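Me: I would like to learn how to read a few features from a set of coordinates. Please take them one at a time.

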Amino acid sequence: MTQVTTSIPPPAVGTPVVEMRGISISFPGVKALADVDFRLLPGEVHALMGENGAGKSTLIKALTGVYTIDEGTVTVAGTDHRFTSPADSQAAGISTVYQEVNLCTNLTVAENMLLGREPHRFGRIDVKAMNRRARSVLDRLGLSIDPGSSLGEHSIAIQQLVAIGRALDIDARVLILDEPTSSLDADEVAKLFAVMSDLRDQGVAILFVSHFLDQVFEISDRMTVLRNGKLVGEYLTRDTTQLTLVEAMIGRELETLDRLEHQAPTAAPDEARVPLLQVLGLSRKGSLQAVDLEIYDGEVIGVAGLLGSGRTELARLLFGADTADAGTIDVRGSRRRFRTPRSAIGAKIAFSSENRRAEGVVEDLTIADNMLLTLQAARGWLRPVPQRTRDRLVEEYIKALDIRPPDPAALMRNLSGGNQQKVLLARWLITQPELLILDEPTRGIDIGAKTQIQQLVAKLADEGMSVVFISTELEEVLRLSDRVVVMRDRAKIADRFNDESVTVAGILATIAAGGAELKEEDSDA
Amino acid sequence: MTTSTSVTVSPTFLDRVRGYSPPRRYLPVAATVALLIGMFGAGSLRYQGFADPQVVLNLFVDNAFLLVLGVGMTFVILTGGIDLSVGSVVALSTMIAASTLQAGWPAIATIIAVLVSGTLLGTLMGLVIHYFEVQPFIASLAVMFLARGLCYLISVESIPIREAGFTAFAQGSVPLPGGYHVTPSVVVAVVVFAIGAWVLHMTRFGRTVYAVGGSESSAHLMGLRVALVKVGVYTISGLCSALAGLLFAAYTLSGYSLHAVGMELDAIAAVVIGGTLLTGGRGLLLGTMFGVLLLGTIQTFISFDGTLSSWWTKISIGTLLLIFVVIQRLLTRRQN
Amino acid sequence: MRELVRRPLFWSTLALLLLIALNTAVTPSFLSVRLQDGHLYGSLIDILRNGAPVLLVALGMTLVIATRGIDLSVGAVAAIAGAVACVYIAGSDRPAATSTVVSAVALAVGVCILLGLWNGFLVSVFGIQPIIATLVLMTAGRGLAMLITDGQITTVVNPAFKVLGAGFVATLPVAILIALAVFAVTAVLARRTALGMLIESVGINPEASRLAGVRARTITWTVYVFCAFCAGVAGLMIASNTSAADANNAGLWIELDAILAVVIGGTSLAGGKFSLLGTLVGAMFIQTLATTIPTIGIPAEANYLFKAVVVIAVCLLQSPRVRAAFRSRRPVSTVKAGAA
């Protein structure tokens, strides 16, 4: 089974309130959405699913008028619309709560809920009436906070609920909730779900995005899955298993590449060997629960897990990009504490972020400058890398990694994603690290560059470098890793040697079951 | 506040409560008022006649134009912008007033001409800032140069104002109970202040000003009219500068290209010392009034003392700025 | 050719050349430089000499702006430098000695470096927005300068001090030589060491730079110190030229001229790539403009008007909307939304 079958849309219950057809949106250099269809029925909770970069946020922003679409049509309640601003889409009855709370913490709770359609009296805002109206919406959400208090005084969870309150006050036909539960605890989620069911019964169409699978299965009636900006399919929740969903989201590559031949570290690590990195109880509130991990020389650790599983958070803590609240890191037996990336770099650790554009690329500098940035930063500005060394290194890596264009003076912004990624890899390889942490190094790059990067990782490990390889694509993880670590809900749920018994299906089952099926392999998935 | 919610309190919830902060909206303004009272207390203990209510009223008399400028500047700074052009626009306004009056225009025509030109300059600046995404700093710098340049085009010399209406306004006195008095300028300034406060706190426009300063992208996503507000605040600032220019022209009975050099710094200082966050979104117009009064008090203090030199004014304003910037920084840091 | 036209340096240089051509058309002797008593004289020399302080300040400002910052306090710092040096010389036992001048200059530069450390501390350690952090010193600095001079215009009579701003060495005015020397040193520091690359990296993408291990804090702090140093040297030059410290008017509005020079030179106020050569051209453009206006019969004060036009033109050319319109036909709103 190499391709997920697109399920046949079940017979429609009434006409869709929102119908998007053939939506395409591209940004400079990226096709964010390609020919996506999407429909939303009145009186349903519809989950929009997909991994990072699948196009969920882009689709939502196309529907709410934040992005203008390049191709395709949007029909709301039978009328064609072309939204050019959020105000347009609100006027059409679409109300949105975005992933990051998009409210103003400096205004009061009531203002945040009602500003833009606040009650007036004698030409001025009727504050009392506004607070009363806010009060009644807050009651529906079971919140007893003072509507006149400043939003910033409240916790993120409450701010999130206030944002939902704003959406509720608009008599919306369509309510979009983009990851509304990520900062709520169980009770708050239950309360939110009760409100959502209420609204559903009143005929409101709710579009719901969440990376908590259990929640999606609990509340949604129907699901649409996107992957890499393309539509995978639409599913009825009650006919779908978690496994099918995970498979649809992560997908399988069409071409089956052989497991890359790379020598596993000669001897299985025994107790006597000192690991390169020994991590005990590493945690950070709100992003990672205590994780233990041992990494030996020449080992490739594959990390599997969905978006929000804690995979990126783990990498950032190992590198000192975020500081840990608790736990210890020993490098070759000596205790280290990484408060900044600089201290981790000093311990010969390298980290390539999943967010290439925001956290990796310095786009107005040249390929050569980007490659040498870390080495130069380590040497300090007074000791520039000698021109000859510089030329030699840059030429060597451009050749070794097959970077196009092979021009050291080309600006980074003009490179394709794959070539940018190679330059960033070169930036770290030049520092000769002992541990290389790669977070989604192959996402959004073409297949050729992808294979090259995979081969490079195998070669580096053969030469003795340890690699932590984080990827959404399980084939890739299995092909490269000596050991596989599985993350879910911000915790490590499995850690095992990558022998013949470990399969994509097995890992999918582990993720879907939350660790319970760690041992038994569900062969039929 | 948070514990009063009906949401069940669980350990993870408590963790999130760490982000909680008590209401601090009024803290900077309270600090300004405390400082003002403190200075007056110290002044009245040290110098005879300092505590006289007329001294307080004279603060308004001498700083009426600064209060008007401060109102406009507060709007701009609340959106997270800045307007460096106000001093030059004041000078330009005095020049337009003096030259048109000299040419024999009726006072009302002069006033309209001044207000319209100031408002237009402000609108122009707002359009450039919003639609061309030019930083407020540099766009208002351009208008600052433009207005000064226009002054010199009108005349390099100082032009006296002899028109009857203006002189009557300048020499007029509004009696208050108890034998005290203020000038008509003060009445104008207080009216402007009241209108400004009403707009800022009571209308959708005013609340949107705060929303834009809090988070422009949020305000946009909330469907608020960000463009109108961003252009609007610079228009208001331009109008206030023109009005302040008229008051200044009446105060000095002249128009001169070198009037009000550096006054933009006083206006910004008054706003910041009044507790408005320079990054936008937080502050009260009332604070700006106290900021203006505090600046006036420093000058009064120094003139009463007689032994203190005038430069202590600048040093103390700078020190106050520093104190308030540091307080604000500490407050915002704890909130993050 | 097309590549050339796209470079900001091309446009500013073209504008400068046009101004010079205009001047030459109006005053044919504009380009002539004559040697008199072993000193070079001529309009071009005057422009270079009078533009030296702005160029100095603009060099420091370029680096500050490249890190996404701005320094409003340079005018006040220049006034303080002049005040410190003049008061020291006037108050010393041997006010005419060369050694006095040496220690006065050292003291003034030292004070400026302290002021730079202060600005840099507020910005890089305390995390205050640059425009606000330097506004403090901009406001208080002139008061401090007056405190030092006791509100008087302190005049000094010292031939050695006079050399800084008004002297000649090898037929050229010392002011020009100093400005060019600082320019050369800055260029070497920026382009021969790794400082320039690291500054640009911090200015373009602070988070990526942090993750790559760049010491962003130290870099930022350094550029504010360097900027204050440049302002100090400019202040000494101004004081020396007039043989006096005028706490009120020395270096008045020089921060605005310096920012203008940087912007004309093609360095974006949003930080990132910077061009020192562009700043040099920008500073010379501003000074030539100031010289041109009276030459062609417009009152010198109208200078402001022309500066306003230049600022507006440069800003509009740099604005994302106009650039996007030039680059492609793609609607701007999409690009803008993507950044939000």
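This is a predicted model: local features need pLDDT of at least 70, side-chain atom pairs count only at pLDDT 80 or more; totals for chains, interfaces and linings use all residues.

Me: What share of the residues of chain A counts as buried?

Reply: Burial is judged from relative accessible area, with under 20% as the cut-off. Chain A has 525 residues, and 59% of them count as buried. The chain exposes about 20800 Å², of which carbon and sulfur atoms supply 50%.

Me: What share of the contacts in chain A joins residues 24 or more positions apart?

Reply: Taking the contacts with a separation of 6 or more, 67% are between residues 24 or more positions apart.

Me: Now a single residue. Where is A:Arg166, and is A:Arg166 buried or exposed?

Reply: A:Arg166 sits in helix H5 of chain A, which covers residues 156–169. Buried means under 20% relative accessible area. A:Arg166 has 7% relative accessibility, so A:Arg166 counts as buried.

Me: Which residues does A:Arg166 touch, leaving out those up to four places away in sequence?

Reply: In chain A, the partners are A:Leu103, A:Glu111, A:Asn112, A:Met113, A:Leu114, A:Leu115 and A:Arg117. A:Arg166 also touches B:Met222, in chain B.

Me: Which backbone atom does the side chain of A:Arg166 reach?

Reply: The side chain reaches the backbone oxygen of A:Asn112, at 2.9 Å.

Me: Where does B:Thr183 lie, and why does B:Thr183 count as buried?

Reply: B:Thr183 lies in the loop between strand S3 (180–182) and helix H8 (184–202) of chain B. The relative accessible area of B:Thr183 is 16%, so this residue is buried. Not counting residues up to four places away in sequence, B:Thr183 touches B:Val61, B:Gly172 and B:Val174.

Me: Last, a pair of helices. At what angle do the axes of H8 and H9 of chain C cross?

Reply: A crossing angle of 65 to 115 degrees is read as roughly perpendicular. In chain C, the axes of helix H8 (residues 174–192) and helix H9 (residues 195–204) cross at roughly 70° and come within 4 Å. H8(C) and H9(C) are therefore roughly perpendicular to each other.

Me: Which residues meet there?

Reply: From H8(C) come C:Leu189, C:Ala190 and C:Arg191, and from H9(C) come C:Leu195, C:Gly196, C:Met197 and C:Glu200. This contact is made up of four nonpolar, one polar and two charged residues.

Technical notes
Residues are numbered from 1 along each chain as its sequence is written. Chains are lettered from A and ligands numbered from 1 in the order in which they are written. Side-chain values use heavy atoms; hydrogens and water are left out. Helices (H or I, at least four residues) and strands (E, at least two) are DSSP runs, numbered from the N terminus. Buried means under 20% relative accessible area, exposed over 50%, partly exposed in between (1.4 Å probe, protein chains only). Contact means heavy atoms within 4.5 Å. A polar contact is a pair of N or O atoms within 3.5 Å; within protein, one must be able to donate a hydrogen and the other to accept it, and residues adjacent in sequence count only if both atoms are side-chain atoms. Axes are lines fitted to C-alpha atoms, for helices over the stretch in contact, and angles run from 0 to 180 degrees between N-to-C directions. Angles under 35 degrees count as roughly parallel, over 145 as roughly antiparallel, 65 to 115 as roughly perpendicular and the rest as oblique. Ala, Val, Leu, Ile, Met, Phe, Trp, Tyr, Cys and Pro count as nonpolar, Asp, Glu, Lys and Arg as charged, and the others, Gly among them, as polar. Accessible areas come from the Shrake-Rupley method with a 1.4 Å probe; for residues, only the protein chains shown count as cover.
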